[in-house]
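Hi,

Here is the structure I promised to pass on. Have a look at it first, and then read my notes below.

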Amino acid sequence: MSQKYIWVTRSTTMKRKSQDCPSRLPDNSAVKQQQLPAYRLQLSANKILSGFFATGVFCLGVGVILLLSAKTIKEVEINYTEKCANCAKLRENAANFDKECNCSIPFVLPETMKGNVYMYYKLYGFYQNLYRYILSRSNSQLVGTDVKDVRNCAPFKTSHNGIPIAPCGAIANSMFNDTIILSYNLNSSIHIKVPMIRSGITWWTDKYVKFQNPSFQNLSSAFAGTTKPPNWPKPAYELDEEDPGNNGFINDDFIVWMRTAAFPTFKKLYRRLHRIEHFTEGLPAGSYSFNITYNFPVNRFQGEKAVVLSTLTWSGGSSLFLGLAYMVTGAVTWLAFFSMLAVHLRLRERKMFFLQQ
């Protein structure tokens, strides 16, 4: 009798403990018990082959359209490295940094460039993708938070006097600073300056989010206590004498340069055509000339410089890479389709042969 009483007591105690402690078992629901209805995708050979065939047709079609679109772009490239050789030699000597050197490059535009025309500068052999070069900048400076924050800007953090550089870093110090003016030559004596504007050449996020001037009414006061980069002829607040709103960290040319390129040969947007007066339809065919103030040295790294005039289409610039990528993808997909089709037909014939026996 005592043993029975002990057993009942123990079972009652165990029941109480199980009621007090929450159960670790998942709820008895379809989700937690993994009892939801499922669908297992079972693809037949015909469906797979049809998918590969349709993908190949799509990629080849898009590739052809992109290539045809790129071929309609009109582009003129003028390399002025050798044509401005005298200025290049002058710039190789650092003692001549304050001496101005100009060169004029005439050329003929054989066809009218209709629509929007864009001017680019192009550099050969300039590596903006070096790791230390990319890191040499101060984002807190560029957003206007602290113009004296130069912690990550080595080797262009401070001047020889210890004054912080603004904007600091290797990217800012190596900014492209040639001045390029395009002229339309009606005849040997009449030269019309082609109206080119610099607004609208940057990405919206760069102009209004990533780059901001310090919150000062007088921009020069905001840069007090700092000095310009060593290779700059002017401080940041005097970059554009014509447009006071285009100075400091929000200067369009500066913003474009600060977006580093992935390859050593690249072009960056410099100006775009203002379609007024003689140029409402674009750039008419005829005689032109580039008047260049040569400031950016390239002989030190055995590079080259060029100016590019180009139109654009809905698919972008004149690069054939995207169209060729689609074409190659379509060709590889079709190759896989025909290979799988041959294997499928061969296996089906073998299966029919064994069934007939």
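Let me begin with Phe254: leaving out residues up to four places away in sequence, Phe254 touches Leu142, Pro167, Ala172, Met175, Phe211, Trp232, Gly248 and Phe249, where contact means heavy atoms within 4.5 Å.

Before going further, some ground rules. This is a predicted model, so local features need pLDDT of at least 70 and side-chain atom pairs count only at pLDDT 80 or more, while totals for chains, interfaces and linings use all residues. Residues are numbered from 1 along each chain as its sequence is written, and side-chain values use heavy atoms, with hydrogens and water left out.

Back to Phe254. In the largest nonpolar core, which has 62 residues, Phe254 is among those that touch the most other members, along with Tyr80, Leu182, Trp257, Leu283, Tyr288 and Phe290. By nonpolar core I mean a set of buried Ala, Val, Leu, Ile, Met, Phe, Trp, Tyr and Cys residues joined through side-chain atoms within 4.5 Å. Buried is under 20% relative accessible area, exposed is over 50%, and partly exposed lies in between (1.4 Å probe, protein chains only). Strand β4 (residues 117–124) gives this core its largest share, 6 residues. Helices (H or I, at least four residues) and strands (E, at least two) are DSSP runs, numbered from the N terminus.

Now the rings. Rings of Phe, Tyr and Trp (its six-membered ring) pair if their centres lie within 6.5 Å; planes under 30 degrees apart count as stacked, over 60 as edge-to-face and the rest as tilted. That rule gives 26 aromatic pairs. Tyr80 and Tyr294 are edge-to-face because their planes stand at 90°, with the ring centres 6.3 Å apart. This pair joins distant parts of the chain, 214 residues apart: Tyr80 sits in the loop between β1 (75–79) and α3, and Tyr294 in the loop between β10 (286–293) and β11 (304–311). Both Tyr80 and Tyr294 are buried. Phe107 and Phe290 are stacked instead, at 4.9 Å centre to centre with 20° between the planes. They are 183 residues apart, Phe107 in strand β2 and Phe290 in strand β10, and both are buried. Ring pairs also link Tyr121, Phe126, Tyr133, Phe176, Trp257, Phe266, Tyr270, Phe296 and Phe301 into a cluster.

Strands β2 and β10 turn up again in an open, antiparallel sheet of 4 strands, ordered β2-β10-β5-β6. Its edge strands, each pairing on one side only, are β2 (102–109) and β6 (191–193). Two strands pair here if DSSP finds at least two bridges between them; β5 (residues 179–185) and β6 have 3 bridges, in the antiparallel sense. Ser183 stands opposite Lys193 in β6.

What about helix α3 (residues 85–92): which residues there are buried? They are Cys87, Ala88 and Arg91. These lie on the same side of α3, because they cover an arc of only 105° around the axis (the arc of the directions from the helix axis to the C-beta atoms). Asn86 and Lys89, on the other side of α3, are exposed. The cover over the buried residues of α3 includes β2.

Finally, Phe52 belongs to helix α2 (residues 45–71). With 31% relative accessibility, Phe52 counts as partly exposed. Beyond its neighbours within four places in sequence, Phe52 is in contact with Thr333, Trp334, Ala336, Phe337 and Met340.

Cheers
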